[in-house]
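Biologist: I am new to this structure. Please show it, and then I will ask about a few residues.

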Amino acid sequence: NLEEMVGQTLESLVTELVPRARRLVLSRRAVIEKQAADARAEMLETLEAGETVEGIVRSVRDFGAFIDIGHGVEGLVHVSQLSWERITDPNEILKPGQAVKAVVKKVDRETGKIGLSIRDLVESPWSRADAKYPMGSTVRGTVSRIADFGAFVKLEPGIEGLIHVSELATRRIRSVGDVVTEGETI
């Protein structure tokens, strides 16, 4: 609304000056864009790996999500950095407009690319796995995937183990699917 600007003092850039025609053209937009570019450049210079930032999810793609961390600077949270669990669809975890916290993994000042991680804000399930699942213990898990060489068994979010095909049965088997099925608790 241009009426809101009447009487205000605005910093503007002179884009055209024609004294004979008594014409002066100013650009407020150019000043705003320059200030935003300066803020982006300053943020890229001061941002360090390991720093925790807050931002807004701008878009979610198959490979991850772009997070606006301020001043128009966006970072990418790769799908592998969303959770300690295997994620097939980032849309299950994040939605555009959602506020999130993330850890800066890397900053490439030349290209302006920023790598972020949400999972690094949560303790890794592997940090206590050796105490929770000691060698030789019997545990329950759910078959999450079947491959030619064995079955992957999920013990808890973020912790999966492989039962090699040679360990699935005492007899020789043709196919892993003959012994276990996906989703089965074993």
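Biologist: Is Glu156 buried or exposed?

Modeller: The model is predicted, and the values are computed from it. Buried means under 20% relative accessible area. Glu156 has a relative accessible area of 13%, so Glu156 is buried.

Biologist: Which parts does the salt bridge between Glu156 and Arg128 tie together?

Modeller: The side chains of the two residues meet at 3.5 Å, N to O. Arg128 counts as partly exposed, at 35% relative accessibility. The parts tied together are 28 residues apart in sequence, because Arg128 lies in the loop between β7 and α2 (129-132) and Glu156 in strand β9 (residues 150-156).

Biologist: In the salt bridge of Arg58 and Asp68, which residue counts as buried?

Modeller: This pair meets at 3.4 Å, N to O, and links strand β3 with strand β4. Arg58 has a relative accessible area of 42%, so Arg58 is partly exposed. The residue that counts as buried, at 16% relative accessibility, is Asp68.

Biologist: Which element gives the largest share of the largest nonpolar core?

Modeller: That core has 22 residues, and Ile67, Ile69, Leu94, Ile114 and Leu116 have the most contacts inside it. The elements that give two or more residues are α1 (28-46), β3 (52-61), β4 (64-68), β6 (99-108) and β7 (113-117). The largest share, 4 residues, comes from β6.

Note on methods. Residues numbered from 1 in each chain as written. Predicted model: local features only at pLDDT ≥ 70, side-chain atom pairs only at ≥ 80, totals over all residues. Heavy atoms only, no water. Core = buried A, V, L, I, M, F, W, Y, C linked by side-chain atoms within 4.5 Å. Buried < 20%, exposed > 50% of the residue type's maximum accessible area, 1.4 Å probe, protein only. Salt bridge = Lys/Arg side-chain N within 4 Å of Asp/Glu carboxyl O.
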